[in-house]
Amino acid sequence: MNAPNEQLRWARKYPELGMDPIAVEPCVSPVFFEKEKERVFMKTWLKVGRIEEIAQPGDYKVKKIHFAKTSVILIHGKDGKVRGFHNTCSHRGNKVIVETGEETFGRNKAAVVTCRFHGWVYDAQGRLSMVPEQERFASDWKREDHGLTPVHTDVWEGFIFINLARGEVQPLGEYLGGIGRHLGGYPYAAMDECFSYHTTLDCNWKIALDAFSEAYHVSTIHAGSFPNVFSTGLADVQLFGDHRTTGVCLTLDAEPTPIARMANEITGASLVAKRGTSMLPSTVNPGRREDFSFELSVVFPNILIHVSEGIWFTHQFWPISHDKTLWEGKYYVPRPKTNSQRWAVEFAQVLQRNAWLEDTATMEDTHAALESGAKSHMILQDEEILLRHGYNVLERYMAAEKE
Amino acid sequence: MNATLPKEFEMLEPLVAEWALPTQNQRQVRRKAATRGELQYFYDNMLPRMPAILRHVDTYPMGELPEDAARLFSLALSMAEVAPHIELYGGSPGVPYAFEESRFVAEHGEERL
């Protein structure tokens, strides 16, 4: 048997994180949540879309951002640039685009948006380009002073991010830093067949994010959908400032079921299929381990990006209140070229949905149980290091001086 | 409508009324509502024919399946929905120990293939 500290490989790699219990107050306190919105979510870069969703000039997307009590228009300009604006008209504050749900899509050939209320027209740079009866406004009133309120918007590898901070912000590339280099170069855009889910969970956003950020749970929670498939130990954990990443590996001795084998032979679209040459950046699975399945990366604060061979997926957790979270799960594969490939994608995607149903099953119970106040702390083991790092980063943001 | 499936798959006709469903949402709802016996019966009848079904649908380009082959394809897609329940979940019509399925909103759920 190994000496006990031999088992604590991540604690030895990152001793600054320690192994202390973690306070649960950040998960259950409404007061903490108010501060967290201000110090974390109003200051960090948040992924709000993919470039493929608004691929053509004039395409736009409107996304509700509940914690900030706003919705943001992301519009693809004729100059090819994507810009973001609050969906609030400069006239009397109506929503410029009438929303039909969490996300609303539209397109306008002239790349302008028009407020339904009184017909004010804005171009893709946010400039107010036309006002009906303009001569009836005050004589010194200038149209050019009344564009839409901009939101910092930038694109990395096709992911559209916003930052709601007022004033200057750190550029997106710099914010992502090492994690951006680690995950850069993966062919995200080549796999744009998207299967997308969302739901509202009665739990704190961190409880939901944490449940997806370790592999310790796979032998219990995924005993149904992925029995003996994944190893609970992590591979090549790396911390990059506010962000973090790990490889998740297979056990290799799992025998595929008859239909799984049929699907895997067609596309290899399932996470549990073994494959040959790699599409992964050289930084991911650097040792090219045979048993590597997928990379699990957390981009602070609220998105998980997973890349694998021929499939990638994301989980994002949007806080609505201290005990309510909008979860979005998106599964991406290359566009199938044949009907049998489409069938195999269906099988793999449905199985993945089932695994996500298993994952989300614990979250509301965890939150409810923590609300009892019975426990003031949670205990993490070494392989739950991504959670530990997450709380560590959060603590740093919360302690930062208010600007 | 008389012959609803391509001739060589006529033995699967008894499954058409219940399982030839065009959207993922419909297939999921049907699977959840099925009895264990229905799931097993559907799986047992489909499994040996799957390779031939996939070969048959591949004789057409995507999006150009004639009506009978499209119906056959939707049976195969129902097999994708049902198989984990027989192969992994001990025949249970629901995903065991899972979140309430109807609360997951699938943006692709109403797409017809």
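A residue counts as buried when its relative accessible area is under 20%. In this predicted model, Ser92(B) has a relative accessible area of 15% and is therefore buried. Ser92(B) sits in a loop of chain B, between helix H5 (67-87) and strand S1 (105-106). Its side chain reaches the backbone oxygen of Gly94(B) at 2.8 Å. Residues up to four places away in sequence aside, Ser92(B) touches Arg36(B), Leu39(B) and His85(B).

Val333(A) has a relative accessible area of 1%, so Val333(A) is buried. Val333(A) belongs to strand S18 of chain A, which covers residues 324-333. Leaving out residues up to four places away in sequence, Val333(A) touches Met191(A), Asp192(A), Glu193(A), Phe195(A), Gly310(A), Ile311(A) and Val345(A). Glu290(A) is 43 residues from Val333(A) in sequence. In space, the C-alpha atoms of Val333(A) and Glu290(A) are 21 Å apart.

The two chains also meet through a pair of helices. Helix H8 of chain A (residues 339-360) packs against helix H4 of chain B (residues 50-57). The angle between H8(A) and H4(B) is about 130 degrees, and their axes are 7 Å apart. H8(A) and H4(B) are therefore oblique to each other. On the chain A side, Asn339(A), Ser340(A) and Trp343(A) make the contact. On the chain B side, Met50(B), Leu54(B) and Val57(B) of H4(B) take part. By class, the contact of H8(A) with H4(B) has four nonpolar and two polar residues, with no charged residues.

Methods: Residues are numbered from 1 along each chain as its sequence is written. Chains are lettered from A and ligands numbered from 1 in the order in which they are written. This is a predicted model: local features need pLDDT of at least 70, side-chain atom pairs count only at pLDDT 80 or more; totals for chains, interfaces and linings use all residues. Side-chain values use heavy atoms; hydrogens and water are left out. Axes are lines fitted to C-alpha atoms, for helices over the stretch in contact, and angles run from 0 to 180 degrees between N-to-C directions. Helices (H or I, at least four residues) and strands (E, at least two) are DSSP runs, numbered from the N terminus. Angles under 35 degrees count as roughly parallel, over 145 as roughly antiparallel, 65 to 115 as roughly perpendicular and the rest as oblique. Contact means heavy atoms within 4.5 Å. Ala, Val, Leu, Ile, Met, Phe, Trp, Tyr, Cys and Pro count as nonpolar, Asp, Glu, Lys and Arg as charged, and the others, Gly among them, as polar. Buried means under 20% relative accessible area, exposed over 50%, partly exposed in between (1.4 Å probe, protein chains only). A polar contact is a pair of N or O atoms within 3.5 Å; within protein, one must be able to donate a hydrogen and the other to accept it, and residues adjacent in sequence count only if both atoms are side-chain atoms.
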